[in-house]
Amino acid sequence: MHSTWRCDNCGDVPPFHVAEHISAEIVGAVLRESASSAERIPLWCPWPLPSGWMVTGAGWSGDERFGVRATALACSGPEPLGGGPADLVLIAEQPGVGLGTRFAGISGIDPGHLLSEALADRGPHAGPHAKIKAAGHPTPLWCVKSPEDRSAYVSEAKGMWLYAVAWPASAGYLLAEHVVLHDLSEGVPSELVFGAPSPYLHGRV
């Protein structure tokens, strides 16, 4: 008996747990799971939230043997260019988990090879595709190849992979604005706004 999930492409991966609904209590439950692990995994959230955006889901990847190895938080709001609905999933994960690549729609369990390609395509003197702040630190984001219905950005923060996956692809322009990511494990703002569950986080799209 084992608690891992079997992926046809990647082999054994930690199971992913996501609540059907989202609330301050659900966020607290995810944070408690993460706190019980040997290494605390950040739960990234844009804060302040962009205008019209809400938190629409939270989940974690791991099992009782190894604890939480990745977290995911979904936000939804108006698409920055067209004004239609848009979704953003932020993922923090240890190497070798594969949760970020799953949502990004790319193969493998780590994005290292795609990140190398993105750096090569930009050239030696070009900067990153986007810049944000994560836990108070300037953080470059690199856009990696993904299916046409989304845009996927990868970076590193707090010694772990950081993914930002946006639907539709043009919603990635949100990251060109002044986005600041706050680790909710360091405090959950009382003004956090919650909305209907993200279909992307729940795998319904």
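Predicted model: local features only at pLDDT ≥ 70, side-chain atom pairs only at ≥ 80, totals over all residues.
1. Residues are numbered from 1 along each chain as its sequence is written, and side-chain values use heavy atoms, with hydrogens and water left out.

2. Val55 also belongs to the largest nonpolar core, which has 37 residues; Trp44, Val55, Leu181 and Leu184 touch the most other members. Such a core is a set of buried Ala, Val, Leu, Ile, Met, Phe, Trp, Tyr and Cys residues joined through side-chain atoms within 4.5 Å, and buried means under 20% relative accessible area, exposed over 50%, partly exposed in between (1.4 Å probe, protein chains only). Another core, of 24 residues, lies apart from it and includes Ala70, Val89, Val144 and Tyr163.

3. On to the rings: the whole structure has two aromatic pairs, counted when the centres of Phe, Tyr or Trp rings (for Trp, the six-membered ring) lie within 6.5 Å; planes under 30 degrees apart are stacked, over 60 edge-to-face and the rest tilted. Phe16 and Phe103 are edge-to-face, because their centres are 5.8 Å apart and their planes at 75°. Both Phe16 and Phe103 are buried.

4. Trp167 and Tyr200 make a stacked pair, with centres 4.3 Å apart and planes at 15°. Trp167 counts as buried, at 4% relative accessibility.
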